[in-house]
Amino acid sequence: MAIATAFSLKLQFLFIIFCCRSYFSTAFTSQDYADALEISILFFEGQRSGKLPVNQRLTWRGDSGLSDGSAYHVNLVGGYYDAGDNVKFGLPMAFTTTLLAWSVIEFGSSMQNQITNAEAAIRWSTDYLLKAATATPDTLYVQVGDPNMDHRCWERPEDMDTPRNVYKVTTQNPGSDVAAETAAALAAASIVFKESDPSYSTELLHAAMKVFNFADRYRGSYSDSLNSAVCPFYCSYSGYQDELLWGASWLHKASLNGTYLAYIQSNGHTMGSDDDDYSFSWDDKRPGTKILLSKEFLEKTTEEFQLYKSHSDNYICSLIPGTSSFQAQYTPGGLFYKATESNLQYVTSTTFLLLTYAKYLGSNGGVAKCGGSTVTAESLIAQAKKQVDYILGDNPAKMSYMVGFGNKYPQHVHHRGSSVPSIHAHPNRISCNDGFQYLYSSSPNPNVLVGAIVGGPDNRDHFADDRNSYQQSEPATYINAPFVGALAFFSAKN
């Protein structure tokens, strides 16, 4: 544990640096962004399920879920808990992985000494997704844990004794949405590891192709197949068409196989390419797909992708005040606002798309066309920076919404493992019901979930640092994943 001990000392040093920043300072430096980048990746170690490695840096966590899948004769140990509970939900985990991989693909060159940690965060998920995708033919395991039973308990993952039910999609009970997102995650990750681990990259790509074929051949929504096991937690409200086009787009990018280009050209019109959609999340992939495919038009002037450039412009213009297409909502303090629950997931995903599109435009001398006006890459970067800075503390509350960054950040995070005494501090088991005393406690969380971004403030910039207000105080892997790319970008700018 020497590595972990050394890191613990470094973490304390980082806290001192963060807390010594002037209380009202809002001018972040490239080093500030680099520090935030480091802990934004570190957060994923707090979400790990399975046997923890010797270089685990968040040392208050312990091993958990070591028999996941065993009752069903399949090894489903590993992966991530999605948020503040102890369930492994496949759809948000796969989306998280795709966005982490996309962050590295676009901005990995700016991550410097954090690239190894970013790749480790991706691999922790892809190792699990590979098992879920290849253990049984024509089957994808998409969830471990009964969410309804899990949510009746307040237990740290090391103690959990709620049912570890395993849920799967098959040819008879399809789940094209979760399967195509899994294919996207594996394909995107194959690009990340293409040079550093070619054999692993090849394994990921081959699995992605098989899972995508399964998703496309046996069509249906996993919400219909699994019902209350996934709804209302992660219902596929947008259907599965958007994931099929998204998955095909990533396979096109990763494989350079003409089959996927042909698939996009043949199916795009029925899978959302003609729609203007203004929300990018674990549920709806349409804006992300358009941004991703617009690069083909900007770089190669591939006529088939001009439509994606046009719709990308429509999406981007909707976010920029002053354009004829502007329709986004912002709080009085300037935060992009989409939903009352976990709003910062939309802020981080939108910010990532702004920066990625700015990169594509800037590399090819392009602009976003907003009616009769144009918006430059620089304008998109400026808009993205406002969102990043707001999250880090440049907001009316002068509060960082990233745990451990700055001297004022959420103390009562809605997270079982963080709020219950650690297994090292309290070795005796804390039962299902006994844990609720920590949910309702007014004391700060005993274990700091460093780097976690919480759900965030309301539409008036008000934030309740209250563990019971899960809408505002719960972190999630898919909030952090796109923010990793955004922080990498700004850490490299002087």
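## Basis of the description

A residue counts as buried when its relative accessible area is under 20%, as exposed when that area is over 50%, and as partly exposed in between, with a 1.4 Å probe and protein chains only. By this criterion Cys 231 is buried, at a relative accessible area of 18%.

The model is predicted, so local features need pLDDT of at least 70 and side-chain atom pairs count only at pLDDT 80 or more, while totals for chains, interfaces and linings use all residues. Residues are numbered from 1 along each chain as its sequence is written, and side-chain values use heavy atoms, with hydrogens and water left out.

## Disulfide pattern

The structure holds 3 disulfides, a disulfide being a pair of cysteine sulfur atoms within 2.5 Å. With the bonded cysteines of the protein chain numbered in sequence order, the pairing reads 1-6, 2-3, 4-5.

## Cys 153 and Cys 432

The sulfur atoms of Cys 153 and Cys 432 lie 2.0 Å apart in a disulfide, which is left-handed because the torsion about its S-S bond is about -90 degrees. Cys 153 sits in the loop between helix H5 (147-150) and strand S3 (166-170), and Cys 432 in the loop between helix H15 (416-419) and helix H16 (436-439), so the pair ties together parts 279 residues apart in sequence; helices (H or I, at least four residues) and strands (E, at least two) are DSSP runs numbered from the N terminus. Both Cys 153 and Cys 432 are buried.

## Cys 231 and Cys 235

Cys 231 and Cys 235 form a disulfide with their sulfur atoms 1.9 Å apart, and this link is right-handed, with 130 degrees about the S-S bond. Cys 235 counts as buried at 10% relative accessibility.
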